[in-house]
Structures are given as structure tokens and as C-alpha cells.
Amino acid sequence: MRIGTTLTHYIIRNQREIAGASGTFTGLLNDVSVACKKIAALVDKGALVNVLGSAESENVQGEQQKKLDVISNEIMIEALEHNGHIAALASEEMEGIHPMTAERRGRYLLLCDPLDGSSNIDVNVSVGTIFSILRAPDDATEPTEADFLRPGTEQVAAGYCLYGPSAMMVLTTGEGVSMFTLDRDIGEFLLTRENVTIEADTKEFAINASYQRHWDDPVRRYIDECLAGEDGPRGKNFNMRWVASMVAEVHRILTRGGIFMYPCDRRIRAQGKAGKLRLMYEANPMAMIVEQAGGAATTGTQRILEIEPEELHQRVPVILGSRNEVERVTSYHG
Ligand SMILES: O=P(O)(O)OC[C@H]1O[C@](O)(COP(=O)(O)O)[C@@H](O)[C@@H]1O
Ligand SMILES: [Mg+2]
Ligand SMILES: [Mg+2]
């Protein structure tokens, strides 16, 4: 499609090709983009408005919430609640699902991490919103949590909005990945890149190396080999990055390749968890985007998109990005 096309027009054009499309999906993506524009405006204003700092509360996962975590969650609910596009919403910041009333019940389910990378809010470093869209069950009965527990292969669409120097919406509906940049003067996301692909090889990895002493052998081996550079078995030097906002890491990988790892380790296992990142709000949508761009995403032992979810707030190890590197780390787990 023509570079500069608005996100709304882009979605309408896509949907026109689908027989029987009712406009609900177009409306839903429009709701999400409105919410993201509102969050982008707040992130942009930062210390000028009262959105920085702690909210003095914890979310269901026992994590300290930031004011902007709570506000972003409210913005998502408000944008989606009245339009009849979704049957229910699930969010990292809410313990249970948020069902719509019967008269407002739509055909889709939306899952989101309203604000990803919250530790970066107060230091003015990139954060983002991640979302995943599933189809609601046909029978139009009251949606339940069980309706959300579907493998990532069933996602109808996934995307994120990066609040960086520019705000960017990155979207897949299962036919490749497109990027839109927010033109703040006209308040629209405009298409700036289509058919995004991730190089199969890379010389850049991202991992929080402060947990090195807790790592399992396969992860330790992979990183040791990268660090050994030209003199080691890989025969090339690697660069390292860690933003601590998954959205920013994935965006870098979509732009110039790389591998991102948040593995399970002894520290995480000792807390009774299987990983740090959330399957439904982080791993699944990002895995769909990365695969749609020709990359790969595994837990080390399994393709992320094929995991059968057991609970809404389930956590998983994540290894994603340039295909050959992800396959290498995964083979070390074999
Ligand atoms: O602080 P750590 O352990 O490096 O973790 C950073 C990771 O945590 C996350 O921030 C989790 O997201 P939230 O901010 O939504 O909780 C990821 O985006 C990021 O990759
Ligand atoms: Mg997150
Ligand atoms: Mg979050």
C-alpha cells in the first residue's frame, strides 16, 4: 500500500478483501489506535502532567504499579468499552477478565500489556503497549477466562505501539508486518514500512546479564560463545543491548536484526515461576509479529505460539528474533 496511508484506511482496505467482513475488526483496531494515541500523548507530556511515579499499589502479579500502568489500563478499557467490538478484555494489570455488557458484546477478545517497560517511565526511556486479538466464541454467551486460553497460533492480529522518540504502531493481521509512525500534527498513524523482515543472522544479542549466575547451561553456553567473539567458536564479534522494555527490544530486532532472551533461570524457578514474561500479553503477540517478519520465537524447548495456555497470567521463557540464532539457542536446549 502507498507509504503515508493512514492506519485506518490501511485496515479498511485490508478488510474489503475479506468476504463477509462487518467492519467490527476495523473498528476494534481503530479503538486500540485511539487508546495508543492517548497514552502516547501522556508519555509525551511526562513530568508536565501527574503521570510519573508509583501508584502505591500492586498488580495481580505482586508487582509495584506505576501511575502510568494504571492510567494506561483505564485508557484501554475506556476506548474499548462502548463500541461493541469486543466481548471482553484481559490485561496484565487486572486479575480477572473485563466482560462487556450483553448489548455491547462484540466478536473479539482483546489481551493487552497496557504499558510495557514500566521501569523506564520515570527515566524517560521508551515504553510501549502490546496487544493480541482473538476471536470470541460464536455462541455470544457471557465470556469467561477459559475463552482466552487459546494458543498464539489462533491470534487474529497482534501489535504494539512504541512510545519512543516517535510513537510507532506495528501491526500484523497474519499477512506480514507493517509499521506506522504517529504524525502528531494531524493525529494519525501513517504507514512508513511494509513487509518488514528480520535478517536470519545477527551479531547482536539482548539479555539481562545481571542474572548470569542463575542461568541454565544452554543460555550460559550461547552467551559465552557470543562474548568470545572472533577468537571463539562463532568467529565473529557480537554487540549487546538491554533496554528493559520488550517493545523497544523487539522494535530494534525488526529494524536491524538481533536476538532477545528472557530465559527462565534458578532465581525465577525459586520464586515458583516458569519465566518472567507473560505468555498472553507479551510472548504470544511478539512471537506472532516476529514470525510474520520471518524470525523465530521459542521458549528454548517449544515454539511459543503452540503453547496451550493454562492460565491468563502464565509466564514463559522467551527467546526470539533472528531465525538462525534462535534455532541455535533452541538446539543447545535439546
Ligand atoms: O528488569 P528486568 O528483569 O531486566 O526485566 C525487563 C523486562 O520486563 C518487562 O519490562 C516486563 O514488562 P512490564 O513493564 O509490562 O511489567 C519487559 O518489557 C522487559 O523485557
Ligand atoms: Mg510488559
Ligand atoms: Mg506492563
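Predicted model: local features only at pLDDT ≥ 70, side-chain atom pairs only at ≥ 80, totals over all residues.
User: Why is Lys276 called buried rather than exposed?

Analyst: Lys276 has 20 C-beta neighbours inside 10 Å. The label buried requires 20 or more, so Lys276 counts as buried. The residue is found in the loop between α6 (266-270) and β14 (277-278).

User: Which residues is Lys276 in contact with, leaving aside its neighbours within four places in sequence?

Analyst: They are Tyr262, Ile268 and Arg315. Tyr262 is also one of the residues around ligand 1.

User: Why is Asn208 called partly exposed?

Analyst: Asn208 has 13 C-beta neighbours inside 10 Å. A residue is exposed at 12 or fewer and buried at 20 or more; the count for Asn208 therefore makes it partly exposed. Asn208 is found in the loop between β11 (204-206) and α4 (217-227).

User: What does the UniProt record list under "binding site"?

Analyst: The unreviewed entry lists Asp116, Gly117, Ser118, Ser119, Asn208 and Lys276. The residues around ligand 1 include Asp116, Gly117, Ser118, Ser119 and Asn208. Among the others around ligand 1 are Glu92, Asp113, Ala244, Ser245 and Met246.

User: How do you know that ligand 1 lies between domain 1 and domain 2?

Analyst: Domain 1 (7-193) and domain 2 (204-333) both give residues to the shell around ligand 1, so the ligand lies between them. By class, that shell has 3 nonpolar, 5 polar and 3 charged residues.

User: What describes the relation of domain 1 to domain 2?

Analyst: Their C-alpha centres lie 24 Å apart, and 36 residues of domain 1 are in contact with 29 residues of domain 2. On the side of domain 1 that touches domain 2, β5 (108-116), β6 (127-135), β7 (157-163) and β8 (167-172) each supply at least two residues. The largest share, 5 residues, comes from β6. By class, this side of domain 1 has 16 nonpolar, 15 polar and 5 charged residues.

User: What makes β12 (239-240) and β15 (296-298) edge strands?

Analyst: The open sheet of 5 strands has the order β12-β11-β13-β17-β15, with mixed pairing. In that sheet, β12 and β15 each pair on one side only and are its edge strands.

User: What joins β9 to β10, and how do the strands run?

Analyst: Strand β9 (residues 177-183) and strand β10 (residues 188-193) are joined by 5 bridges and run antiparallel. The bridge partner of Phe180 is Leu191, in β10. The hairpin of β9 and β10 has 4 residues between the strands, and Gly187 takes a positive phi near 70° there.

User: Why is Asn324 called partly exposed?

Analyst: Asn324 has 14 C-beta neighbours inside 10 Å. That count falls between the limits of 12 for exposed and 20 for buried, so Asn324 is partly exposed. Asn324 lies in helix α8 (residues 323-333).

User: Where do Asn324 and Ala200 stand in sequence and in space?

Analyst: They are 124 residues apart in sequence, and their C-alpha atoms are 5.4 Å apart in space. Not counting residues up to four places away in sequence, Asn324 touches Ala200 and Asp201.

Notes. Residues numbered from 1 in each chain as written. Chains lettered and ligands numbered in written order. UniProt positions renumbered as here; feature names shortened; annotations may be inferred. Contact = placed C-beta atoms within 7 Å. Near = placed C-beta within 6 Å. Nonpolar A, V, L, I, M, F, W, Y, C, P; charged D, E, K, R; others polar. Domains from an automatic or database assignment. Pairing = 2+ DSSP bridges.
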